[in-house]
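Okay everyone, thanks for coming. I'd like to walk you through one structure today, starting with its charged side chains and ending with its strands. Have a look at it first.

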Amino acid sequence: MAGSQGNDAYLRNALSKYQYQHLAKRDILQALSHFKDLKPNVDSFVFNDGNRKELLCLEGTIPVTYRGTTFNIPVCLWLLETHPHNPPMVYVKPTANMQIMSGQHVDTNGKVYLSYLHEWRHPQSDLLGLIQIMCIIFGDNPPVFRKEAEGTSPRAGYVHSPIGLSHPLAGRLFIISYTHP
């Protein structure tokens, strides 16, 4: 799918069962114009009760600055058929070499909890605002960290830290670069 025109055509079809197609499409396109690494995709979402529903999700990475370095955090924003009148369901989707760091804003399954989602109210709330807030919150509290490679043990005196960073207990910072596959 190439650029905005490809997204526009894809969304026209993908949103055909959505109640507020025009509003949803406008909200999605606005977010995609600012966060180019997110892509729309229709997939099957499984709810806690086991029910499945074909929903549109925006998946890809968002840039998060942590300790002066920008990392690409993989996320998926699932849009209900009533979007934008109801908030999306947001998940961090770690790659194979990442592990979720659960905390105040992300649970062990990667589900994201933010006041912005809880207080979602159209038209004041939108995807662009949500993603911008996620970038800020995740910069303060990274939702993932790099897994140690199997068969290796952490070096003595070093501790796991968010998003692929390791640092000695003495406080000197060593950056281990992360590139999204």
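Before we go on, two housekeeping points. This is a predicted model, where local features need pLDDT of at least 70 and side-chain atom pairs count only at pLDDT 80 or more, while totals for chains, interfaces and linings use all residues. Residues are numbered from 1 along each chain as its sequence is written, and side-chain values use heavy atoms, with hydrogens and water left out.

Let's start with Asp 8. Its side chain meets that of Arg 12 in a salt bridge, at 3.1 Å from N to O. Both of them sit in helix α1, residues 3-14, and they are four residues apart, about one turn of the helix. When I say helix or strand, I mean DSSP runs numbered from the N terminus: H or I with at least four residues for helices, E with at least two for strands.

Asp 8 also forms a salt bridge with Lys 25, and here the closest N and O atoms are 2.8 Å apart. Why does this pair tie together separate parts of the sequence? Asp 8 lies in helix α1 and Lys 25 in helix α2 (residues 21-34), so the pair links parts that are 17 residues apart in sequence.

How covered are these two? Asp 8 is partly exposed, with a relative accessible area of 22%, and Lys 25 is partly exposed too, at 21%. The cut-offs are: buried is under 20% relative accessible area, exposed is over 50%, and partly exposed is in between, with a 1.4 Å probe and protein chains only.

Then there's Glu 81 with Lys 53, a salt bridge at 3.2 Å, N to O. Glu 81 is in the loop between β3 (69-79) and β4 (89-92), and Lys 53 is in strand β2 (residues 52-66), so this pair ties together parts 28 residues apart in sequence.

**Now the strands**

β2 and β3 pair in the antiparallel sense over eleven bridges; pairing means DSSP finds at least two bridges between two strands. One example is Cys 57, whose bridge partner in β3 is Trp 78. β3 also runs antiparallel to β4, joined by four bridges, and there Val 75 has Val 92 as its partner. Finally, β3 is mostly covered, with eight of its eleven residues buried.

Methods: A salt bridge is a side-chain nitrogen of Lys or Arg within 4 Å of a carboxyl oxygen of Asp or Glu.
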